[in-house]
Structure formats: C-alpha cells, structure tokens
Amino acid sequence: MSNTTAEEAKEISITSFTSAFILNLVIGLIGFIAFSLIRRRFKYVYLSNFIIQTTKLLSELSETQVQIWNRLKLSNSIFSWLTPCFKLSDEEVFDLVGLDIFVYLRFVRLCLKFFVVILPYGLLVLLPLNIYGTANLKGMSSLSMGNIELKSDIYWAHLVGVWAYSIIIFFMMYREWQTFTHYRQLYLRKGYEEQYSILVTDLPAYLRNDHNLDEFLKSVFPEKVISVHVFKAVPSWTDLSEAHDDMVRKYEHAE
C-alpha cells in the first residue's frame, strides 16, 4: 500500500499538471513547425482548395475573387501561410468562402478575443490572490478561489472580475451579432437559387415527375422557374427496408 499522504498527493497533482502543460506545449510547437515544413512539399494536400480555385475553377470566379486569390499566393518561406490571416478584410473573406465559413471563422476569432480579455486580469490579479490566500490549501486547490478564507475582502477582486468579464463579453457578442446580421443581409441580397425554394405537396399523379411538373409550372409562371425536382414518398419501401433490417439482425443473433 502506498504511504503517500493526502497532502503529498495534492502536491503531485500540481506537478503533474505543470509537466503535462509543458509536454503539450512542446508537442504543439513541434507540430506547428512540422506542418510549416511539410506543407511546402505536399501542396496538393495542404493547398488543394487554393490550387483548384486558381486553376480549374478560375473561369467561374468573379474578378474580385480572382484578385483576392492572387494576393493570397504563398511564397516558399516556412511561415508564409500565416500572412494571409492578416491580409484579408471581412468583406474579402465573405466574398471568398461564403456566409457559413465566414461565420465559423468569426466565431473562432471571437473565442480568441474572449481568451485575450480574460487572461490578463485572471493571470496577473486573480491567480496571485488565490495562491497567496490564507486558507493554506495544497496542490491545484491553491490556485482556486477556495484558497481564500470566507468573508475576506479579496473576494471583491473576483466580483469585479465577474462584472468586468460579463460586460465586456456581452458587448463583444452584441458587436458580433451586428456583424452577422449585416453579412446575412448581404448574402440574402445575392439572390441564390436555394433562397427561393418552394415545397409543393399533394401533386396529382400526372405531375409526379420532373418533366411534367417543370412544363406545368413554367406555363403558369413563365420565366420565373429555375429548376424542378420531384421527391416521391415511398412508405412501402421504408417498411420493406425496416423488415429487411429486422430479419438481418435476427439471423445475426440466431444460434
């Protein structure tokens, strides 16, 4: 049986955390450098989208998109892939990748902003106050607010942090929502085909194929119908598929 005491175990826990942090930091740096080196050799793997857009699909791009792609051409330097992150404006990113990816990238950037806002006050103010609290906890517990004695004035620092974080983060989220609303309106103004899709149900039998339905709708709405697709409901097929799956499962478990 181990003779390690509870206090020693707590000390080990903070040592383990520090070791794991340093190890993962080293692994991350190695991966970062390895990627920067390998991507230059395997461009069709790491730059496939760029190559396709600037070669095979070049004729389908707008003049603005072509200009943006040309600005993004990378040199052979190791860290040249980082520079495009700082070259493009929101409008250019939106033009290149569309609304969905644009919103995703904005979300990632918002998370980084949260981190930047939270880190300084937490690291320089709250963490030292917790460590030098008078509750004398050991290990990882010494880093938490639990290391501060009850009714201590130090809790005011945490209260200030809660209010400051909340106000700043809510403001940042409000600004982000304004940006999203603006670009969503721009996207809707583009008038893509999928934005005007209409579902029609209970069609008569003679209109239950693409050709007949297309001719009928174009006769009713001339020059306003782009495409027509008929999706048939086949409940009997669904029932047969479920019966087949049940039978397969029974045979698999048969003795």
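Let's start with Leu188, which touches Gln195 and Tyr196 when residues up to four places away in sequence are not counted. The model here is a predicted one.

- You will find Leu188 in helix H7, which covers residues 155–189.
- Leu188 is partly exposed, with a relative accessible area of 38%; this value lies between the 20% limit for buried and the 50% limit for exposed.
- Leu188 and Leu99 are 89 residues apart along the chain, and their C-alpha atoms are separated by 9.9 Å.

**Helix H4 and its buried face**
- Helix H4 runs over residues 63–71, and Gln65, Ile68 and Trp69 are buried in it.
- Look down the axis of H4 and its buried residues fall within an arc of 100 degrees, so they line one face of the helix.

**Where H4 meets H6**
- Helix H6 spans residues 90–131, and its axis and that of H4 come within 10 Å, crossing at roughly 105 degrees.
- On the H4 side, the contact involves Thr64, Gln65, Ile68, Trp69 and Arg71, while H6 brings Glu92, Asp95 and Leu96.
- Sorted by type, the residues of this contact between H4 and H6 are 3 nonpolar, 2 polar and 3 charged.

**Domains**
- According to the domain assignment, domain 1 takes in 88–192 and domain 2 takes in 210–254.
- Between the C-alpha centres of domain 1 and domain 2 there are 47 Å.

Conventions: Residues are numbered from 1 along each chain as its sequence is written. This is a predicted model: local features need pLDDT of at least 70, side-chain atom pairs count only at pLDDT 80 or more; totals for chains, interfaces and linings use all residues. Side-chain values use heavy atoms; hydrogens and water are left out. Buried means under 20% relative accessible area, exposed over 50%, partly exposed in between (1.4 Å probe, protein chains only). Helices (H or I, at least four residues) and strands (E, at least two) are DSSP runs, numbered from the N terminus. The arc is that of the directions from the helix axis to the C-beta atoms. Domain bounds come from an automatic or database domain assignment. Axes are lines fitted to C-alpha atoms, for helices over the stretch in contact, and angles run from 0 to 180 degrees between N-to-C directions. Contact means heavy atoms within 4.5 Å. Ala, Val, Leu, Ile, Met, Phe, Trp, Tyr, Cys and Pro count as nonpolar, Asp, Glu, Lys and Arg as charged, and the others, Gly among them, as polar.
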